[in-house]
Amino acid sequence: MANAHRVDRIEVEAVNARKRRSLYKARESIHPMRVAGHFRRLKWWLMGILLGIYYITPWIRWDRGPGMPDQAVLIDLEHRRFFFFFIEIWPQEFYFVAGLLIMAGIGLFLVTSVLGRAWCGYACPQTVWVDLYIHVERWIDGDRNARFRMEKTPWTFTKTRKRLAKWLIWLLIAVATGGAWVFYFADAPTLFVDLFTGEAAPVAYATVAVLTATTFVFGGFMREQVCTYMCPWPRIQGAMLDENSLSVTYNAWRGEPRGRHRKGPEAHKLGDCIDCNQCVAVCPMGIDIRDGGQLECINCALCIDACNNVMEKTGGTPNLISYNNLRTYDAQEAGREAPPLKRTVLRPRTFIYAGIWALVGLAMLFALAVRDRLELNVLHDRNPQYVILSDGAVRNGYTIKILNMQLEERRVLLRVADLPGGLMTVVGQDLWPSRTREFILEPDKVRELKVFVTVPGPEIELGATPFRFSVTDLGGIEEAHYGATFYAPGD
């Protein structure tokens with residue numbers, strides 16, 4: 001009896017285990033078929049342009065003068081500056097970076113409201129590198145059917161050789177990707193040599209290793225899973241689409257009922273879709289666009305190319321799958337005259353997005369054009385706040401930093417203003433106290449000064465007295481001011 005109970009318990013546990021396993025579906029490999037057409041050519045062009053920008057940009061040179069980096073685009077973390085050709089952004093000008101991020105976000109909203117997930121289908125780094133990896137795989141293993149057969153065959157010498165060749169090329173692409181990224185943060189030619197001679201900083205090797213691993217795994221093995229499960233954008237963009245947003249659409253009103261057989265008495269009842277499944281075979285996400293709008297669809301439009309190729313061969317009308325929106329689709333399905341897509345796309349919402357985007361861009365250009373290239377910062381000594389000298393005068397100490405953000409030497413005049421009787425002495429200079437001092441500022445440098453400001457006894461105001469330091473460019477019209485406080489004994 002005990003054995004019977006034990007056998008029953010084992011069988012129950014086995015059934016429960018099978019039920020638990022059934023909750024999760026194993027990933028099915030996706031091997032998109034090669035396709036030619038308008039959107040495939042567009043993806044080729046964009047892939048070449050985007051990869052070219054990414055890999056080539058750090059190597060573009062830009063002469064900024066002696067002692068300055070000659071890399072056109074450089075994020076200089078050591079000196080906390082960002083260089084973009086003739087533009088130089090300092091840490092206190094981080095609002096320009098914030099403005100660029102705002103423009104990027106609004107631009108993404110604009111593109112999504114007009115073209116759906118066009119970013120995901122054409123310009124997202126995950127999409128671009130996966131597309132590149134798929135082409136490498138197709139070049140080595142063959143097209144869709146050959147890759148499926150290769151996957152099911154045992155590990156022979158041929159399969160091992162092809163797998164190693166493919167993974168090696170993927171790894172080289174991944175290393176180039178990680179290497180190109182670190183070149184944006186240091187002088188590219190110098191860092192390139194340092195990486196190969198072992199003289200680069202440990203953080204550079206760590207960054208290359210992390211980006212190499214993520215590119216290799218995400219682009220080679222996870223692919224569509226990154227878009228479906230890891231990326232939040234598919235969920236966000238779903239809330240941004242409306243009835244006027246364009247997306248890749250299967251025009252079921254024209255294609256259904258689908259069927260392969262086009263001859264016979266019932267042929268006139270069939271729609272235009274011949275159920276060839278070419279749209280499924282070319283999809284990098286492995287979905288069937290004929291099932292309607294889906295979270296996984298990235299709007300790459302390769303299914304449009306595949307369907308149009310079939311329509312051309314069979315003599316059918318093209319664009320059974322096309323870019324469409326819900327408003328036009330409903331009108332076509334009901335047999336009504338559909339409004340032009342241009343009119344439905346160019347609507348108040350898109351004009352608002354475009355207006356905000358342009359306004360932010362113009363504001364940044366204006367701020368960039370009128371920004372000061374001379375900056376003054378003052379820090380009062382905390383302990384002691386003031387010193388009473390032997391002749392009754394009161395002295396305060398300040399640390400002054402004058403920032404020259406131009407790439408040329410400048411002669412400036414530092415002045416104490418709005419402080420009756422106030423005179424300053426610069427530590428390290430054998431000069432009599434005065435209200436003004438001239439200095440030479442090196443290009444693109446900060447000049448730090450230790451300054452004492454003294455007020456004679458008869459002119460002292462008790463307590464705290466506000467005044468100003470000002471610095472003026474003697475060779476131009478630029479001037480900077482900083483409000484400070486002079487402390488003296490008081491109630």
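**View 1. A salt bridge between D187 and R61 in the predicted model.** D187 is partly exposed in this predicted model, its relative accessible area being 28%, and R61, at 33% relative accessibility, is likewise placed in the partly exposed class. The two residues form a salt bridge in which the closest N and O atoms are 3.0 Å apart. Because D187 sits in the loop between α7 (157-182) and α8 (188-197), while R61 sits in the loop between α2 and β1 (73-76), the pair ties together parts of the chain that are 126 residues apart in sequence. The structure as a whole holds 29 salt bridges.

**View 2. The salt bridge of D242 with R349.** Here the side chains of D242 and R349 meet in a salt bridge, with an N to O distance of 2.8 Å. This pair links distant parts of the chain, since D242 belongs to the loop between α11 (233-238) and β4 (247-250) and R349 to helix α17 (residues 348-370), the two being 107 residues apart. D242 counts as partly exposed at 28% relative accessibility, and R349 counts as partly exposed at 23%.

**View 3. A network of salt bridges that includes R138 and R147.** The residues linked in this network are R34, E137, R138, D141, D143, R147, R163, K166 and R223. R147 counts as buried, with 1% relative accessibility, whereas D143 counts as partly exposed at 24%. R138, a residue of helix α5, is also buried, with a relative accessible area of 7%. When residues up to four places away in sequence are left aside, R138 touches P32, M33, R34, D143 and R147.

**View 4. The crossing of helices α2 and α5.** The axes of helix α2 (residues 38-56) and helix α5 (residues 125-141) come within 10 Å of each other and cross at roughly 110°; the two helices are therefore roughly perpendicular to each other. On the α2 side the contact is made by R40, K43, W44, M47, L50, L51, Y54 and Y55, which meet T127, V128, W129, D131, L132 and H135 of α5. By class, the residues of this contact divide into 9 nonpolar, 2 polar and 3 charged.

**View 5. The contact of helix α2 with helix α14.** The axes of α2 and helix α14 (residues 302-314) come within 7 Å and cross at roughly 145°. H38, F39, R40 and K43 of α2 make this contact with L302, I304 and D305 of α14, and the residues involved divide into 3 nonpolar, 1 polar and 3 charged. Helix α14 also contains C307, which is buried, with a relative accessible area of 11%. Apart from residues up to four places away in sequence, C307 touches L320 and I321. The C-alpha atoms of C307 and S322 are 9.3 Å apart in space, and these two residues are separated by 15 residues in sequence.

**View 6. Two segments from the transmembrane annotation.** An unreviewed UniProt entry lists residues 42-60, 94-115, 167-184, 204-222 and 351-370 under "transmembrane region". Two of these segments are described here from the model. Over residues 42-60 the chain is 79% helix and 0% strand, with 26 Å between the end C-alpha atoms. Over residues 351-370 the chain is 100% helix and 0% strand, and the end C-alpha atoms are 28 Å apart.

View 7. Most residues other than glycine have a negative phi, and most peptide bonds are trans. A cis peptide bond joins E256 and P257, with omega about -10°, and P257 lies in the loop between α12 (252-255) and α13 (278-281). The peptide bond from N383 to P384 is also cis, with omega near 0°, and P384 is found in the loop between β6 (374-380) and β7 (387-388). D275, although not a glycine, has a positive phi of about 60°; this residue is placed in the loop between α12 and α13 and is partly exposed, with a relative accessible area of 23%. N319 is not a glycine either, and its phi is positive, at about 65°. The loop between α14 and β5 (321-324) holds N319, which is partly exposed, with a relative accessible area of 40%.

Technical notes. Residues numbered from 1 in each chain as written. Predicted model: local features only at pLDDT ≥ 70, side-chain atom pairs only at ≥ 80, totals over all residues. Heavy atoms only, no water. Axes fitted to C-alpha atoms, helices over the stretch in contact; angles between N-to-C directions. Helix = DSSP H or I, 4+ residues; strand = E, 2+ residues; numbered from the N terminus. Parallel < 35°, antiparallel > 145°, perpendicular 65-115°, else oblique. Contact = heavy atoms within 4.5 Å. Nonpolar A, V, L, I, M, F, W, Y, C, P; charged D, E, K, R; others polar. Salt bridge = Lys/Arg side-chain N within 4 Å of Asp/Glu carboxyl O. Buried < 20%, exposed > 50% of the residue type's maximum accessible area, 1.4 Å probe, protein only. UniProt positions renumbered as here; feature names shortened; annotations may be inferred.
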